[in-house]
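Have the sequence and the 3D view open as you read.

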Amino acid sequence: MTQTTSEPGTHAVEVTVNGEKRAAGVEPRLLLVHFIRENLGLTGTHIGCDTTSCGACTVLVDGVPTKSCTMFAVQAAGSEITTVEGLLQNGKHHPIQAGFHEEHGLQCGFCTPGMMLTSVALLAENPNPTNEQIRWAISGQICRCTGYQNIVKAVQNAAARMRETS
Amino acid sequence: MSTEVRGLGHSVKRKEDERFLRGKGTYVDDIKLPGMLHMELLRSPFAHARIKSVDTSRAAALPGVVAVVTGELMAQHSLAWMPTLSGDTQAVLATDKVRFQGQEVAAVVAESAYIAKDALELIDVDYAPLPAVTSPERAQAPDAPLIRDEKEGQTDNHIFHWEAGDKEATERAFAEADRVVTLDTHYPRCHPSPLECCGCVADINPATGKATIYMTSQAPHAHRTLFAIVAGLPEHMIRIVSPDIGGGFGNKVPIYPGYVVATAASLLLGRPVKWIEDRTGNLISTGFARDYHMHGELALKGDRIVGLRTSLESDEGAFYADAQPSKFRAGLFHIVTGSYDIPAAHVVADGYYTNKAPGGVAYRCSFRVTEASYLIERLVDVAAHEVGIDPAELRLKNFIKPEQFPYHSATGFVYDSGDYPKAMNLALEKLGYAELRKEQAKAREEGRLLGIGLASFTEVVGAGPGKDYDIAGLRMFDSAELRVHPTGKAILKLGVRSQGQGHETTFAQIVAEEIGIPYEDVEVQEGDTDNTPYGLGTYASRSTPVAGAATAVISRKLREKAREIAAHLLECAPDDLEWETDRFFVKGAPERSKTIQDVAFAAYTNLPEGMEAGLEGVHYYDPPNMTYPFGTYAVVVEVDRGTGQWKPLRVVAVDDCGVRINPMIVEGQIMGGLTEGYAIAAMELITFDEDGNCIGSNFMDYLIPTAWETPEFELGETVTPSPHHPIGAKGVGESATVGSPAAYVNAVVDALAHAGVRTFEMPVTPDKVWQALSEAGLAE
């Protein structure tokens, strides 16, 4: 749902971010990650590599984990985007946040938003994943601090919490 | 051990998690100031070239560009060059020549980062390419081009010569040996690559003159002093703020040209300037690690190691910018005797300029300890295979014995404490070593190649005693300031800076242990130089050994003042009181007690006559010695005879880092290090073609393991407290990166050792293994 705005060279983009409608006029070349960080001010989405390798910029676009450094903002027009800022449920931790905290699944915190969002998408599809399935699901993302083992545990912890309440 | 206050030994969950879980951390790139401009750097495409001209006119004319900065402009402000941490100089923006690919040549400051990047394309630089020097060997060739031709008196590419140990005694040991084993190996250039690149926001207030620089800094106080020296700004008008840091691993220790140019730009333009490096910039221009070409020799008498001799050539890049104590030109490489009682040792190191990025930092390591640990642990394995003795047995026979501590090493270290056989035996037991050796033999008969690799490392961390350790002249103490408020809550301010290590939790636990304030009630503050006591920063596993000690000491000092106040409240003599967990009580009358909270309130409301009000203080801790963490890592791999791929089947790590403050966080550090160790052994490589083009300039070429490749880890621990550290802790953040690469490589070599294979060069990629399989007639 993009349309040319009155400002030359820009397009109006309307997206739903964390349940809220947001609109802005953007350059066609503006990357989604910059739109999220600069235009919307949601700085929980990070940039780590510029080449779609590290996944620090991962957000959910219509529920699908997407590296927002490799998508233009205009391509996201009309979609529903979830960023880390949208994870809290009624002011309380989403099970994935509780899991990461409980299992020491984060150290510097830079990869954490992307890791959590990919995990949320995995658990929506597969509520009872094996460790190997978790490792495969997050294999598009790099963590330099934890060695992944505690991230796998964190996702299992979240899965158990979600199974209990579902 | 205390319980309610959650002091030492409790795996409490981290206090710092909450903001990161909500996406509310504040990393440098998250900082947005009113009127802020954006800066991008133009980098050299050549490794070595003379700059004939730089034409910025087209870039400057682009709408939205505010300024284009060149080396010439920087030179007008005497800022074209800056000092390095190793006493050399480094170009901020190139003027005469470029000396490595990726070197900073010009900068654009614009209203947006996109415009700034557009403008970079419009800067016309005329280069005259020169031959590139890409190894120490080529740097020494008689016809090698002189890289540092601007340095007075520099006639070749040699930087330093350094020696440690006793040459004559070592020669005698070798003369008397009945066997000498040698190993020549290159610890390749790799890169710490924290997930967050480097960057800053420089904000010089034109009205007040105050320079506030938000930067990715592992050492904000040292950086403030260096900024004062480099930029000529008065130090009290500089405030460095190191906000949340997305990993450091040594990469955020040096001062980079981008910080300096952004600061100069803010000063000249009167507006805040943000510079955020991209990944390629990070990989090709900032602090790399290792790049040591090493030759090692062990002298043996039977199964006893009687001497060690090693020489190395260090590939330093275009500017000598190692971040290490000034007295030690090869860092702490002379810890190379490792865990072994070797009576004689001699180390020779030479450094060379090459046309590569500068800034030899210790990638998750204490000043070149990783290279040393790798060399000795590889050499011992080569010796075991040559002598025909089990590598575990050879290690156990040659370990420094527990009763020999404090142990004086042949190269001058005094190891504080250790029990190497205990850690090794635990690792072997967890692994089921004897059984595994049988399984390996059986597998071999069936045509499968299993390998078992061991490494029994000793680190030297916690720099360091002021008499021997300084960075650019600054002694390597560290500090802690504790303020206990009237209601018993406290703020602890430190001179170090966490990059994910969990200081906000562990240092609060030290306070809890020592003065009884629950860890939840202690806020830990770091990173803002206006607001914290001076310290040298977080790297080289020094936070717990040095700032942790400072925290314990200041807590104890305040507890002694608290005793006086408690005595006043309980109307008894201070000596009549005993301390337990969080309170003083009267000896023999435990019901007469005052908690630390009671005392804190009294410190502001009801003091003994003549006592100074308040309950706060600062301590600067000069460690009496380094600490020496150790352990044994054991790796089992299987090698695919068809492809040369190798896969770790098991990784057992037994660490002894002295007393553990928060075991959960300690284990997190170890697993992170084991992964980076695996990365270095298996895939991480910064290399260059003969023209000096960097191969490994993005995450598609510079390979980092994901969850898919990374093995599972099995951890174990022994605890041998440091006798000189107030709480017996030794530091643990880097043990696994230091110790584990040799274990992985030893395992792959071990899988092929029966066919005469003795070594592989890191990274041990499948093509190298397949080549060896093929030569040994083992390839399928």
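Which residue in E31(B) does Val636(B) stand opposite? That would be Arg650(B).

A word on ground rules: this is a predicted model, where local features need pLDDT of at least 70, side-chain atom pairs count only at pLDDT 80 or more, and totals for chains, interfaces and linings use all residues. Residues are numbered from 1 along each chain as its sequence is written, while chains are lettered from A and ligands numbered from 1 in the order in which they are written.

Strands E30 and E31 of chain B pair in the antiparallel sense over 10 bridges (pairing takes at least two DSSP bridges). They sit in an open sheet of 4 strands with mixed pairing, ordered E20-E30-E31-E34 in chain B. E20 and E34 of chain B each have a single partner strand, so one side of each is left without a neighbour in the sheet. On average, neighbouring strands are turned by 15° against each other, direction ignored.

Helices are DSSP runs (H or I) of at least four residues, and strands (E) of at least two. Angles run from 0 to 180 degrees between N-to-C directions, with axes fitted to C-alpha atoms, for helices over the stretch in contact.

| Helix (chain B) | Residues | Strands of chain B | Angle to E20(B) |
|---|---|---|---|
| H13 | 433-445 | E20, E30 | about 145° |
| H18 | 735-752 | E20, E30, E31 | about 150° |

Elsewhere, Leu21(B) is found in helix H1 of chain B and touches residues of chain A, including Phe100(A) and His101(A).

Notes
Contact = placed C-beta atoms within 7 Å. Lists of a residue's contacts leave out its neighbours within four places in sequence.
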